[in-house]
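User: I am new to this structure and would like to go through it by question and answer. Please show it first.

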Amino acid sequence: MNKTTRARLLATAAASLTAVLALSACGGSSQASGNSASASSASVCPNGEIKFGVEPYEAPDKLLPAYQVLADALSKKLNCPVKVQVVDDYAAEVLAMKNGKLDLGEFGPLGFVFASQQAGAEPIASFATADKKLSSYKAGLWVPKDSAITSINDLKGKSIALGSNGSTSGDALPRFALKQAGIAESDVKLDYAGGHPEALLALKNGKVDVAEINTQTLATATSEGTFKASDFRQIWASDPIPNDPITIRKDADPALKKAVTDALLQLDAADVAKVGSFLDVTPPGPMIAVTKDDYKPLFDLAAALNLTEKNL
């Protein structure tokens with residue numbers, strides 16, 4: 001074999017090796033890219049779905065259709081199914097997040113205090129008004145219009161329907177108001193009706209002297225024609241309460257936290273309007289970012305009443 005032929009063979013072999021290496025590199029790059037995309041997808045869609053819990057502040061058959069609209073919009077933005085469930089009670093939702101059974105949870109403001117303390121729930125977004133400010137609602141105590149009760153100071157010896165254990169407006173705030181008025185809980189008859197609508201119904205049916213009716217329940221019942229406010233009187237109202245935060249579990253993948261937060265903040269007002277109608281957000285706006293600091297008054301309230309998760 002002459003030198004020229006040998007040189008050609010070596011050149012051909014080198015070219016072939018270079019081509020093989022190039023193809024291997026391309027294949028490796030494609031595979032790595034695919035694995036990266038798969039990992040990214042898995043982190044934003046853990047176990048193929050995102051589990052979203054909602055506290056039972058209204059009847060589940062009313063809440064589910066409203067939250068499904070929000071969940072469907074969120075699913076499209078995340079390219080991951082969002083499964084909504086209305087939990088049995090406030091304590092069950094805290095426990096579900098603590099045990100990793102929920103990825104997201106909407107808690108009542110006081111429920112969030114315990115979710116934060118017990119499950120490390122992190123607030124990421126809440127419901128805003130049309131001018132993009134955090135929305136709020138109020139607790140209230142109502143009596144029949146012809147009742148002799150004119151203020152909270154007249155409640156000794158009276159029966160009071162509250163919503164349910166652990167509710168901000170349907171439990172803690174009315175009890176705190178009694179404490180501030182110097183009325184011991186032993187001086188009244190507290191009746192937990194099982195929910196906000198049930199407390200309203202107890203008053204409407206004459207089962208109690210007084211009932212807690214927050215502005216959310218009032219708005220819903222008035223729009224449905226099941227409560228005529230002019231037949232009753234409000235004798236006490238709380239300061240504004242910041243609306244429910246949507247939270248994420250503390251150990252969620254950072255990619256999931258960012259993706260969900262971004263998606264919630266990018267939802268159209270129409271996507272949250274049905275939920276907003278139950279939360280007394282009129283007119284509704286987009287969702288806005290919130291932090292634990294937005295709910296500091298509720299942490300202070302829990303401390304003032306010596307509340308723990310056992311009170312849920």
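User: How many aromatic pairs does the structure hold?
Analyst: This is a predicted model, in which local features need pLDDT of at least 70 and side-chain atom pairs count only at pLDDT 80 or more, while totals for chains, interfaces and linings use all residues. Residues are numbered from 1 along each chain as its sequence is written, and side-chain values use heavy atoms, with hydrogens and water left out. Rings of Phe, Tyr and Trp (its six-membered ring) pair if their centres lie within 6.5 Å; planes under 30 degrees apart count as stacked, over 60 as edge-to-face and the rest as tilted. The number of aromatic pairs in the structure is five.

User: Which class describes the pair of phenylalanine 52 and tyrosine 67?
Analyst: Phenylalanine 52 belongs to strand S1 and tyrosine 67 to helix H2, 15 residues apart, and the pair links distant parts of the chain. Helices (H or I, at least four residues) and strands (E, at least two) are DSSP runs, numbered from the N terminus. The ring centres are 6.2 Å apart and the planes stand at 75 degrees, so the pair is edge-to-face.

User: Which strands are the edge strands of the six-stranded open sheet?
Analyst: Two strands pair if DSSP finds at least two bridges between them. The pairing in this open sheet is mixed, and its order is S2-S1-S3-S12-S4-S13. Pairing on one side only marks the edge strands, which are S2 (82–86) and S13 (284–289).

User: What is the bridge partner of glutamate 106 in S12?
Analyst: Strand S3 (residues 104–106) pairs with strand S12 (residues 245–248) over three bridges, in the antiparallel sense. Within S12, the partner of glutamate 106 is isoleucine 246.

User: What angle does the direction of helix H2 make with that of S2?
Analyst: Helix H2 (residues 60–78) packs on the sheet and touches S1 (50–54), S2, S3 and S4 (122–129), where contact means heavy atoms within 4.5 Å. Axes are lines fitted to C-alpha atoms, for helices over the stretch in contact, and angles run from 0 to 180 degrees between N-to-C directions. The angle between H2 and S2 is about 160 degrees.

User: Which element gives the most residues to the lining of the largest pocket?
Analyst: A pocket (on a 1 Å grid over the protein atoms alone) is an open set of points with protein on both sides within 12 Å along at least five of seven lines, whereas a cavity is a set where a 1.4 Å probe fits but cannot get out; lining residues have an atom within 4 Å of a point. Helix H5 (168–180), strand S11 (241–242) and helix H10 (296–304) each supply at least two residues of the pocket lining. With five residues, the element that gives the most is H10.

User: How much space lies in the largest cavity?
Analyst: The structure holds two cavities of 30 Å³ or more. Among the 15 residues lining the largest cavity, Glu55, Tyr90, Gly108, Tyr137 and His196 are the closest to its centre. Grid points are joined across faces, edges and corners, and a volume is the space filled by probe spheres set on the points. For the largest cavity, this space is about 90 Å³.

User: Where is proline 283 found?
Analyst: The peptide bond from threonine 282 to proline 283 is cis, with omega near -10 degrees. Proline 283 is located in the loop between H9 and S13.
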